[in-house]
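Visitor: Hi! I have this one open on my screen and would like a walk through it. Can we take it piece by piece?

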Amino acid sequence: MSERASVPAEDEQADDESTEEQAPVTTGAQSVVRALENAGAEYIFGVQGGAIMPVYDALYDSDITHVTMAHEQGASHAADAYGIVTGDPGVCFATSGPGATNLVTGIADASMDSDPMIALTGQVPTDFVGNDAFQETDTVGITQPITKESYFANHSDTVGNDVSEAFALADAGRQGPTLVDLPKDVTQGETDVEPMAPTTPDTYDVPDEADDEAVQEAADVLADADRPVILSGGGVIKADASGALREFAMEYEIPVITTMPGIGSFPEDHELSLEWAGMHGTGYANMAITNTDCMLAIGTRFDDRLTGGVDSFAPDADLVHVDIDPAEISKNVYADYPLVGDARAVLRQLFDAMPRAPDADEWREQCQDWKDEYPMTYEMPDDEPLKPQYVVETFSDVTPDDTIVCTGVGQHQMWASQFWEYTEPRTWVSSHGLGTMGYGVPAAIGAKLAAPDQEVVCFDGDGSFLMTVQGLSVAVRENLDITYVILNNEAVGMVRQWQDGFYEGRRMASEYPWIPQFDKLAEAFGARGFRLEETDDVEDTIQAARDYDGPSVIDAHIDPGENVFPMVPSGGDNGLFALEEDHLEML
């Protein structure tokens with residue numbers, strides 16, 4: 001549960017308020033908590049346990065709010081989402097052994113999506129390490145490949161500094177997860193050393209502005225382009241560069257495509273927006289990628305779900321690639337004009353270096369023609385079941401622009417990204433690189449605590465919801481006003497779609513006719529449950545769920561035969577996309 005220190009008696013409280021100095025650090029555990037306080041941590045998502053218990057005991061007297069999660073995986077996803085929405089590292093706790101390993105999925109998810117997060121794990125006493133002690137795992141060894149750095153704290157005097165450095169590193173440059181493993185004797189040990197302020201290692205050098213000459217060359221080629229596009233990735237949002245992107249694109253009238261992690265970096269209701277590209281992106285975004293002669297790509301790693309076949313990705317384009325991580329330059333797609341630096345800083349450099357706007361009137365007209373030719377539409381025959389696209393679209397129409405949308409992973413995730421109109425950054429919270437089913441329920445908890453004044457809606461699938469449904473108990477306990485919408489087709493829908501399209505309809509282990517009644521399950525948890533089956537009931541059900549002060553669950557029984565289109569087959573050409581299942585046979 002959410003816990004703060006108990007409120008002292010009135011006279012004691014007055015004495016506390018008159019004392020500006022913090023109580024001295026006396027143990028390693030207190031040093032850990034002090035480091036988090038110094039870093040500005042407000043929430044910790046975690047689960048208690050034996051090896052982490054000294055740190056929890058030190059947390060008892062802290063102003064940091066602890067949120068007890070129903071499972072450690074949920075703690076890592078909640079911390080991840082908190083980091084996405086705030087831009088600051090989310091914090092999660094777990095004990096040793098199974099507690100730490102249960103965090104691994106969430107840590108890997110944050111690593112793939114460059115989300116800022118710090119995980120603190122209990123560990124058996126140092127004398128027991130390597131002896132297969134009770135609840136011992138090599139947490140550092142397990143997590144090194146999926147963190148920016150994993151630390152093993154080896155002394156009570158330095159453990160606070162380990163946490164401070166890990167917190168700073170999670171936030172610096174290309175954001176990502178870090179971990180500190182905390183042996184119990186280190187956190188129980190005595191120390192009077194105050195931890196340092198959050199500071200990155202001396203060897204960690206974060207680039208800011210790109211080379212001026214390289215910027216000018218890139219600006220010149222962009223200005224000379226006949227068919228320019230901007231590809232805005234998740235790094236634009238991480239760098240708080242959405243404003244700079246909008247200013248640049250609108251000043252020079254260049255159409256903007258986003259990656260899926262970049263959703264919200266550019267308003268989708270603007271005439272220059274082509275929305276997001278890739279496997280299930282818009283037809284017009286994928287056509288623009290295929291036909292552009294100059295692409296300004298910012299903060300994207302060109303993953304395979306975006307590019308399809310690398311050889312056919314933007315085949316005629318000069319590529320200007322802006323990224324803070326030099327390792328991403330030409331890793332997947334060759335960059336003709338590499339610009340290593342912070343997205344916001346480099347965009348401002350490019351803005352000043354542009355000699356003129358590209359002469360691209362005809363190109364913009366062509367992009368609009370593609371919008372007209374390949375609109376994001378769906379059919380709604382009167383005699384067919386509820387359409388998921390209509391549920392998403394209706395929800396988008398009735399909610400504020402700053403509503404935060406969280407999702408699990410699957411078909412529902414695609415519909416939520418396709419048919420919701422995103423205009424603001426940090427309002428799309430989802431699992432991209434790792435594709436983690438079960439992400440949605442705990443992520444919505446982290447998102448709501450990060451932004452209590454914003455509405456939070458979580459679209460989930462029946463299969464994805466089942467994986468972390470226990471997190472609903474946390475939302476109820478905390479009385480979080482979250483609306484969960486289960487687009488229920490009694491299947492792992494994306495797997496079923498692939499089986500129908502590429503495996504001759506052999507639906508092995510993808511159909512879920514045994515799922516519970518989610519509206520009744522919600523009521524058992526103490527949430528408000530709604531069952532939605534008819535199109536005519538969509539608006540009223542959505543409004544009733546939104547009006548409920550607390551977590552609500554809409555069990556929306558959608559057309560089980562509905563699939564996600566457009567679709568670029570894996571490894572295919574972005575410009576050759578299927579608009580319906582029959583088209584797949586021709587690609």
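Guide: Happy to. Let's begin with threonine 121, which is found in strand 4 (residues 117-123); helices (H or I, at least four residues) and strands (E, at least two) are DSSP runs, numbered from the N terminus. Before going on, note that this is a predicted model, where local features need pLDDT of at least 70, side-chain atom pairs count only at pLDDT 80 or more, and totals for chains, interfaces and linings use all residues. Residues are numbered from 1 along each chain as its sequence is written, and side-chain values use heavy atoms, with hydrogens and water left out.

Visitor: Is threonine 121 buried or exposed?

Guide: Threonine 121 counts as buried, because its relative accessibility is 0%. Buried means under 20% relative accessible area, exposed over 50%, and partly exposed in between (1.4 Å probe, protein chains only).

Visitor: What does threonine 121 touch?

Guide: Leaving out residues up to four places away in sequence, threonine 121 touches Ile52, Ala94, Thr95, Ala100, Leu103, Thr139, Leu179, Val180, Asp181 and Leu182. Contact here means heavy atoms within 4.5 Å.

Visitor: How many bridges join strand 15 and strand 16?

Guide: There are 6 bridges, in the parallel sense, between strand 15 (residues 456-461) and strand 16 (residues 482-488). Glycine 461, for instance, has leucine 487 of strand 16 as its bridge partner.

Visitor: How many residues of helix 18 are buried?

Guide: 11 of the 11 are buried, so helix 18 is largely enclosed by the rest of the structure. Lys448 is one of those buried residues, and so are Pro442 and Gly446.

Visitor: And which residues of helix 11 are buried?

Guide: In helix 11 (242-252), the buried residues are Ser242, Ala244, Leu245, Arg246, Phe248, Ala249 and Tyr252. Their cover includes helix 9 (212-223), strand 7 (228-232), helix 10, strand 8 (256-258), strand 10 (294-298) and helix 14 (343-353). Helix 11 is followed by glutamate 253, whose phi is positive, near 50°.

Visitor: Where does aspartate 240 sit?

Guide: Aspartate 240 is in the loop between helix 10 (234-238) and helix 11. Its phi is positive, about 55°, although it is not a glycine. With 47% relative accessibility, aspartate 240 counts as partly exposed.

Visitor: Which two residues does a cis peptide bond join?

Guide: Phenylalanine 565 and proline 566, with omega about 0°. Proline 566 lies in the loop between strand 18 (552-557) and helix 24 (581-584).

Visitor: How many aromatic pairs are there?

Guide: The structure holds 20. Rings of Phe, Tyr and Trp (its six-membered ring) pair if their centres lie within 6.5 Å; planes under 30 degrees apart count as stacked, over 60 as edge-to-face and the rest as tilted. Tyrosine 378 and phenylalanine 419 make an edge-to-face pair, 5.4 Å centre to centre with 85° between the planes. That pair links distant parts of the chain, 41 residues apart. Elsewhere, ring pairs join Phe395, Trp420, Tyr422, Trp428 and Phe459 into a cluster.

Visitor: Last one: which residues touch the most other members of the largest nonpolar core?

Guide: Ile257, Met295, Phe302, Phe313, Phe459 and Leu487, out of 60 residues in that core. A nonpolar core is a set of buried Ala, Val, Leu, Ile, Met, Phe, Trp, Tyr and Cys residues joined through side-chain atoms within 4.5 Å. Helix 12 (residues 283-291) gives the most to this core, with 5 residues. Apart from it lies another core, of 52 residues, among them Cys92, Leu179, Ala443 and Val469.

How values were computed. Pairing = 2+ DSSP bridges.
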